[in-house]
Amino acid sequence: MPAPSTAAPARPTRPAAPPAPPASGIRFDHVTVAHGRHGEHVVLDSLDLTVEPGEVMALLGPSGSGKTTALRAVAGFVRPVSGRVLIGDRDVTALPPYKRGIGMVVQQYALFPHMKVAENVAFGLKAQKVPRAEIPGRVAEALELVGMAAYADRHPRELSGGQQQRVAIARALAIRPGVLLLDEPLSALDAQLRSGMLTELARLHRELPDVSILYVTHDQVEALTLADRIAVLESARLRECGTPQELYRSPRTAFTASFVGTANLLPVTVRGAGGVEFAGRPLAVATGDAGPGATATLCVRPHRLATGPAPDPHGNTLRGTVTEVQWRGATHRLYLAVDGHRVLADLRELRETPPLGTEVTLHFAPEDAVLIPAGIEAAHHA
Ligand SMILES: Nc1ncnc2c1ncn2[C@@H]1O[C@H](COP(=O)(O)OP(=O)(O)OP(=O)(O)O)[C@@H](O)[C@H]1O
Ligand SMILES: [Mg+2]
């Protein structure tokens with residue numbers, strides 16, 4: 001096949017599928033990163049995490065929790081004070097970034113403004129000493145993957161934010177990396193573009209199923225939509241790692257419950273098997289191993305609460321006063337004071353918005369609540 005010229009890239013036919021890169025996962029083996037003259041500021045604390053070949057792993061956590069640091073440790077821009085980083089079977093801890101065979105996209109598109117789109121995408125290939133004759137074809141292939149083939153001759157300033165970010169992704173993909181690192185790649189885009197790009201990224205991953213992706217975000221929607229698994233970081237530590245469904249439906253810590261989705265977290269005391277007490281009232285929930293007298297947190301998702309008394313004798317009832325109402329189109333979010341605790345309820349759009357101060361009864365099914373034993377955070381890291 002003749003190499004497509006960059007001057008006429010907008011071909012109607014797709015180039016042949018790129019050869020699959022070697023499938024290679026990522027492994028953090030006790031990786032600690034510290035700053036300060038004596039390494040006294042630990043910003044990543046003994047991280048153990050494996051991204052399987054072809055897996056999308058989201059790193060989710062609040063600002064400053066160490067997400068970018070973890071990514072930079074894989075890329076080779078920060079050197080761990082201890083531990084190892086492996087890509088595939090290879091220990092890359094001591095390798096410089098350009099020898100690691102990874103593609104990386106950061107929050108600000110960081111395209112070279114004086115270079116055309118095609119030159120931007122070719123940049124990494126030249127740095128990798130790809131034979132000159134192969135470069136136009138590889139550039140066209142990468143631009144095609146992100147739907148930007150028609151823009152090869154433009155300068156970055158002639159592109160929208162979303163288009164620039166696609167070019168940045170094409171640039172990262174051009175070297176056919178086994179590992180793609182994305183650091184909040186959508187955060188500079190507006191909400192509508194972001195949702196479009198999410199779909200694009202999902203498609204891209206289907207077309208490149210062997211590429212392992214480590215995706216940093218503090219947006220839970222991005223993490224829930226794109227990731228095969230989510231690793232939750234808090235204060236330099238891995239709190240929990242699991243599939244989006246596991247973390248959403250059965251969070252093991254209160255932090256995860258409130259960070260992955262919205263959660264009502266109620267302080268309760270276990271009364272016995274299948275029962276807890278909240279503000280002096282009994283509630284039926286699965287209690288697992290928690291014994292009578294143990295304190296715990298009960299997690300109930302706002303959309304699991306419904307108005308009215310419980311339909312069956314095992315259902316649970318909460319009674320509260322409306323303190324705030326938000327109309328969100330398809331739903332109403334009610335903020336309620338329930339025995340001094342704030343409870344959120346997301347209800348299908350109500351015909352009439354309840355006035356503040358209204359007394360409301362809510363119910364939820366025992367299986368829609370998760371009991372989080374107290375002290376699990378501490379135990380997890382003991
Ligand atoms: N070069 C550095 N020197 C000293 N401290 C640093 C350095 N780089 C990062 N840090 C600190 O490390 C911590 C983790 O930073 P990191 O950039 O990994 O956070 P993050 O989770 O990516 O946050 P954000 O969501 O805001 O991007 C922060 O407290 C930050 O101030
Ligand atoms: Mg960051």
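**Group meeting: a walk through the model**

Hi everyone, the protein we have here carries nine helices and 20 strands, where helices (H or I, at least four residues) and strands (E, at least two) are DSSP runs numbered from the N terminus. Before going on, please keep in mind that this is a predicted model: local features need pLDDT of at least 70, side-chain atom pairs count only at pLDDT 80 or more, and totals for chains, interfaces and linings use all residues. Residues are numbered from 1 along each chain as its sequence is written, while chains are lettered from A and ligands numbered from 1 in the order in which they are written.

Let's start with the overall layout. The C-alpha trace spans about 75 × 50 × 35 Å along its principal axes. The domain assignment, with bounds from an automatic or database source, gives domain 1 (26-249) and domain 2 (262-380). Their C-alpha centres are 38 Å apart. Of the 382 residues, 37% are buried, meaning that 20 or more other C-beta atoms, placed from the backbone, lie within 10 Å of the residue's own.

Now to the ligand. Which residues are around ligand 1? They are His35, His41, Val43, Gly61, Ser63, Gly64, Ser65, Gly66, Lys67, Thr68, Thr69 and His218, each with its C-beta atom, placed from the backbone, within 6 Å of the ligand. By type, this shell has one nonpolar residue, 10 polar and one charged; here Ala, Val, Leu, Ile, Met, Phe, Trp, Tyr, Cys and Pro count as nonpolar, Asp, Glu, Lys and Arg as charged, and the others, Gly among them, as polar. Strand 2 (41-51) and helix 1 each supply at least two shell residues, and the largest share, three, comes from helix 1.

So what about helix 1 itself? Eight of the nine residues in helix 1 (67-75) are buried, so the rest of the structure largely encloses it. After the helix comes Gly76, with a positive phi near 100°.

Five strands make an open, antiparallel sheet in the order 13-12-11-14-20, with pairing requiring at least two DSSP bridges. Strand 13 (281-284) and strand 20 (369-373) are at the edges with a single partner strand each, so one side of each has no neighbour in the sheet. Further in, six bridges join strand 11 (264-272) to strand 14 (295-300), and Leu265 stands opposite Cys299 of strand 14.

Thanks, and I'm happy to take questions!

Definitions and conventions
Buried ≥ 20, exposed ≤ 12 C-beta atoms within 10 Å, placed from the backbone.
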